[in-house]
Amino acid sequence: MASNLHFIKQVEGTTVADFNMTDIFTSEFETYQIMIAKWDTANDDYTYGRIINASGVDTGSNYAYAVQILYSDQAFYNDGKSNSSTTMSYLNYCYPAGNENNGGLVLTVYNPNSSSSYTYFTFQSVTFGNIANRLYGMKGIYVHKVAETVTGLQLGRTGNFDHIVADIYGVK
Amino acid sequence: MSEYGYIPESPAQSFGNNKGIFSPNDIYDLTRADKYTQYGQLDLIESVTADDSVAYYDFDNLGDYDIHFITANNIQGASTTAQNLDIRVKVSGTAITSGYHFGNQLGSSNGTFSESYSNSYSQFYFLPNVDNETNATANGYSYIYNALDSKKYTFQTFQVVASQSTHTPRFSYGMGVYPTANQCSGLRVFMATTGNIDEGNITLYGIKAYS
């Protein structure tokens with residue numbers, strides 16, 4: 001069979017503080033892509049992620065990340081943590097004005113179903129801030145440094161997601 | 001016998017949830033109704049092979065997708081002047097030539113890393129350092145978000161690799177936005193400075209989703 005994206009499910013959230021994508025990773029695929037083009041929010045803030053396992057959302061200090069934030073009007077910003085973060089930070093930056101400006105994300109997930117390896121992520125996102133007249137681009141990597149089976153993903157922020165739609169694909 | 005071999009009533013059909021025995025006509029009808037399970041959600045919309053006849057290609061059929069994916073492989077320009085192969089949105093058939101933002105990170109094999117950005121640019125930034133020399137090409141991909149949503153801005157991300165004799169092999173990645181809410185009628189992939197697109201393939205895909 002030729003390689004391609006295999007649609008798994010679409011997850012939609014309305015007025016939620018935490019957007020949970022549960023039971024999206026299985027033994028069928030080793031690599032997944034989560035794509036989001038629709039984010040509506042009522043306040044501006046960064047989005048972060050946490051994994052979901054058999055016990056629920058992992059809020060422990062089990063995450064490492066390296067992220068570069070690209071702007072259209074000023075020097076870029078780099079940030080990272082090796083092993084002490086409680087979140088996968090800087091996934092994007094949602095601005096509320098009109099909700100036309102919260103753009104896109106592709107998050108690739110590696111080995112979530114493996115109980116003997118860490119789960120790895122690469123991502124690239126883009127949004128726009130009307131007030132600052134500024135593009136916010138983010139590119140980076142995350143590692144969930146626990147060898148366990150990961151079944152889902154939670155996105156969070158300060159404030160609600162008024163509306164968010166994620167499409168989850170297996171890469172085969 | 002009712003549809004799909006069921007008596008007396010046929011079950012509802014949807015992607016990922018088809019039941020019954022399907023005739024070729026059933027498959028045809030369900031596929032047209034977007035209710036037949038066929039995996040492979042990277043939908044090919046159009047692919048072009050450059051032949052030094054034009055300086056741009058217009059992709060005026062965007063289908064019905066929230067996210068588009070463009071690949072550019074083995075791109076060479078007809079000109080020996082190093083330049084970008086970039087992207088513009090088209091609105092009502094016209095390529096938009098102002099009002100874009102971008103941020104771009106460059107990394108070269110000589111150890112040089114640099115950033116560039118603008119909040120007043122003429123296009124989406126894409127492939128850098130395209131020229132015409134033996135074995136030197138530029139390759140990459142770009143995601144386009146919400147081009148067809150009249151209430152959303154059109155966004156872009158990209159990642160590329162290029163090689164050229166006067167510029168060491170390099171990567172480039174970044175993001176762009178055309179911050180005007182409208183429905184795009186197409187996308188234009190074009191040489192940013194001069195000359196035709198001499199060689200290479202440019203392909204537009206749609207990322208299929210089901211609600």
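Reader: Which residue of β11(B) is the bridge partner of Gln156(B)?

Author: In β11(B), Gly176(B) is the bridge partner of Gln156(B). Strands are DSSP runs (E, at least two residues), numbered from the N terminus, and two of them pair if DSSP finds at least two bridges between them. Here β10(B) and β11(B), residues 167–178, pair in the antiparallel sense over 10 bridges. A hairpin of two residues joins β10(B) to β11(B).

Reader: What kind of model is this, and how are residues and chains labelled?

Author: The model is predicted; local features need pLDDT of at least 70, side-chain atom pairs count only at pLDDT 80 or more, and totals for chains, interfaces and linings use all residues. Residues are numbered from 1 along each chain as its sequence is written, while chains are lettered from A and ligands numbered from 1 in the order in which they are written.

Reader: How many bridges join β9(B) to β10(B)?

Author: Eight bridges join β9(B), residues 138–145, to β10(B), and these strands run antiparallel. Asn139(B) has Val161(B) as its bridge partner in β10(B).

Reader: Why is β10(B) called largely enclosed?

Author: A residue is buried if 20 or more other C-beta atoms lie within 10 Å of its own, exposed if 12 or fewer, and partly exposed in between, with C-beta atoms placed from the backbone. In β10(B), residues 154–164, eight of the 11 residues are buried, so the strand is largely enclosed by the rest of the structure.

Reader: Is Ser53(B) buried or exposed?

Author: Ser53(B) counts as exposed because it has 9 C-beta neighbours inside 10 Å. Ser53(B) is in the loop between β1 (42–49) and β2 (56–59) of chain B. Ala95(B) is 42 residues away along the chain, and the C-alpha atoms of Ser53(B) and Ala95(B) are separated by 19 Å.

Reader: How many residues does each chain bring to the contact between A and B?

Author: Residues are in contact if their C-beta atoms, placed from the backbone, lie within 7 Å. Chain B brings 34 residues and chain A 29 residues. On the side of chain B that touches chain A, β6 (100–108), β7 (113–121), β9, β10 and β11 of chain B each supply at least two residues.

Reader: What is Ile168(A) in contact with?

Author: Leaving aside neighbours within four places in sequence, Ile168(A) is in contact with Ile8(A), Lys9(A), Val11(A), Met21(A), Ile24(A), Tyr32(A) and Ile34(A).

Terms used. Helices (H or I, at least four residues) and strands (E, at least two) are DSSP runs, numbered from the N terminus. Two residues are in contact if their C-beta atoms, placed from the backbone, lie within 7 Å.
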